[in-house]
Structure formats: structure tokens, C-alpha cells
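Have the structure open as you read.

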Amino acid sequence: MKLVLLGAPGAGKGTQAQILSEKLGAPMISTGNILRAAVKNETPVGLRAKAYMDAGELVPDEVIIGIMRERMAEPDCKNGYILDGMPRTIAQAEALEAGGVEVETALSIEISDEEIISRMSGRRICPECGATYHTVYEPPEKDGICGKCGHALTIRRDDEPETVKNRLRVYHAETEPLKDFYAARGKLRMVDNRNGIAETTKVICEALGL
Ligand code: AMP
């Protein structure tokens, strides 16, 4: 399975990518997670990316393309992958093609902006291991504590309301055109986001013929 997950920030791409990765035994590759780790470790890439991420802007293509190139060359990508949050621009999609990284299906999770804004307020993340939770849809067993590593959960800085609005604007301008890009190649599938993680997984699996 060589899959790209598309959708607005907060559509549930990361959560569904995690589920599909376990189900299919294919690595989930998330540029957001890679960048957050780089910021935390204060690497040169992290230092460059931080201001863009905090403002809800896209990190420049050249930085992302470098990260993608390195990650997609790892041996675990040989037989399949689930790409979460990349490509995010036409230039990134073209760079994947030019690098010989095959995409079989681009699956877009469709959701309204209003729903996104109400959802993002409940999103929580583990700053230690990157696991994600939601106060309503996917609460951790112990309030405010990561079920995987025991660290205290936090709110992502870019989940603040004003930043969310900017991220939605950026999504519509820069990332949504990828639907046409993949539709023109006969690779686009679309599903409506459902209320509930399991319900959304179900429609995704149907759309993918799993
Ligand atoms: P995410 O966790 O996928 O929502 O990504 C968080 C932030 O990281 C985004 O708002 C961007 O600033 C940055 N980012 C992640 N992936 C990309 C990408 N493929 N291209 C540009 N910026 C990205």
C-alpha cells in the first residue's frame, strides 16, 4: 500500500494513518512528527522550521523535500508507506514523482472548516513520544497523561484558534489543489469524515477496498 492521506489540519489524518499503519504493517511517515522532533532537538532543520510551524505557515518546500528524500530512502519504505501530511504542495508532489516515490492512492478526508475549528480545541499531544489524543473523541486513560509513555500531554502551539484559522487558509490555498493533481492521475479517493474514529476508519477501509 503506497498511500497519501490528504485533508485539512485536524481532519484526522494522523490518527487514521496510525491505525492503517498498524493494520497494514506499513510505516507511517509524518513530516509534522519529523519536524516536531527536529524542533525539540534544536537541529538546524528544527531551528529553521519552528517559526513557520508556530505561525501555521508551511515550512519551505526545499526543507521538506530534503526530509522526504532522506526518509523515503530508508529500507522500511521498500514495500509500502502511509504518508501523513506530505505532500502538502504541488511542488512536493512533483518532487516525490521525480524521485521515483510511487503513490497508488491519494485519500482525502473531507471535513468542513467549522467542524475543524470546534475539534482542534480538544486536541492533545504527547511532547515526548508524539502520540495524539482528543479530550472527547480519543481521551487518554488517565486524564492529561500519555497512555504510551506516561508523559504529561500538552496542546500543540499551532492548535491555538488564530493559528488554526491560518492553517485552514493555507490548506485551501496550497494543499487542496493536490486533489486535482491526483484526480488527473486517476488516484484520488474521497471519504467524508465521520463522527468517531472507528466509523471514519470503516469508510476509509471501504474506499481502499480493505
Ligand atoms: P502537521 O502535524 O502535519 O499538521 O504539521 C504541523 C506543521 O508542520 C504544519 O503546519 C507546517 O508548518 C509543518 N509541515 C508539516 N508537514 C509539512 C509539509 N509537507 N510541507 C510544509 N510544511 C509542513
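The buried residues of helix H5 pack against helix H4 (61–72), strand S3 (81–84) and helix H8 (177–183). Contact here means heavy atoms within 4.5 Å, and the helices (H or I, at least four residues) and strands (E, at least two) are DSSP runs, numbered from the N terminus. Before going on, note that this is a predicted model: local features need pLDDT of at least 70, side-chain atom pairs count only at pLDDT 80 or more, and totals for chains, interfaces and linings use all residues. Numbering starts from 1 along each chain as its sequence is written, and side-chain values use heavy atoms, with hydrogens and water left out.

**H5 and its buried side**

Which residues of H5 are buried? In this helix (residues 90–98) they are Gln92, Ala93, Ala95 and Leu96. They sit on the same side of H5, because they cover an arc of only 160° around the axis, taken from the directions from the helix axis to the C-beta atoms. Buried means under 20% relative accessible area, exposed over 50%, and partly exposed is in between (1.4 Å probe, protein chains only). Just after H5, glycine 100 takes a positive phi of about 75°.

Strand S4 (residues 105–110) has 5 of its 6 residues buried, so it is largely enclosed by the rest of the structure. Two strands count as paired if DSSP finds at least two bridges between them.

| Partner of S4 | Sense | Bridges | Residues facing each other |
|---|---|---|---|
| S1 (residues 2–7) | parallel | 5 bridges | valine 4 and alanine 106 |
| S7 (residues 188–192) | parallel | 5 bridges | leucine 188 and alanine 106 |

**Two cores**

A nonpolar core is a set of buried Ala, Val, Leu, Ile, Met, Phe, Trp, Tyr and Cys residues joined through side-chain atoms within 4.5 Å. The largest one has 27 residues, of which Met72, Leu83 and Tyr182 touch the most other members. Leucine 83 touches Leu3, Val4, Leu5, Ile29, Met72 and Leu96, leaving aside residues up to four places away in sequence. Apart from this core lies another, of 21 residues, among them Ala26, Met120, Leu168 and Cys205.

**Around H8**

Is lysine 179 buried or exposed? At 11% relative accessibility, lysine 179 counts as buried, and its place is in helix H8. Leaving aside residues up to four places away in sequence, lysine 179 touches Leu6, Ser108, Glu110, Tyr171, Leu188 and Met190.

Now for the rings. The structure holds 1 aromatic pair: phenylalanine 181 and tyrosine 182, edge-to-face, at 5.0 Å centre to centre and 85° between the planes. Rings of Phe, Tyr and Trp (its six-membered ring) pair if their centres lie within 6.5 Å; planes under 30 degrees apart count as stacked, over 60 as edge-to-face and the rest as tilted. Phenylalanine 181 and tyrosine 182 are both buried.

The charged end of arginine 185 sits over the ring of phenylalanine 181, 3.7 Å from its centre. Likewise, the charged end of arginine 119 sits over the ring of tyrosine 137, 5.5 Å from its centre. That label needs NZ of Lys or CZ of Arg within 6 Å of the ring centre and within 35 degrees of the ring normal.
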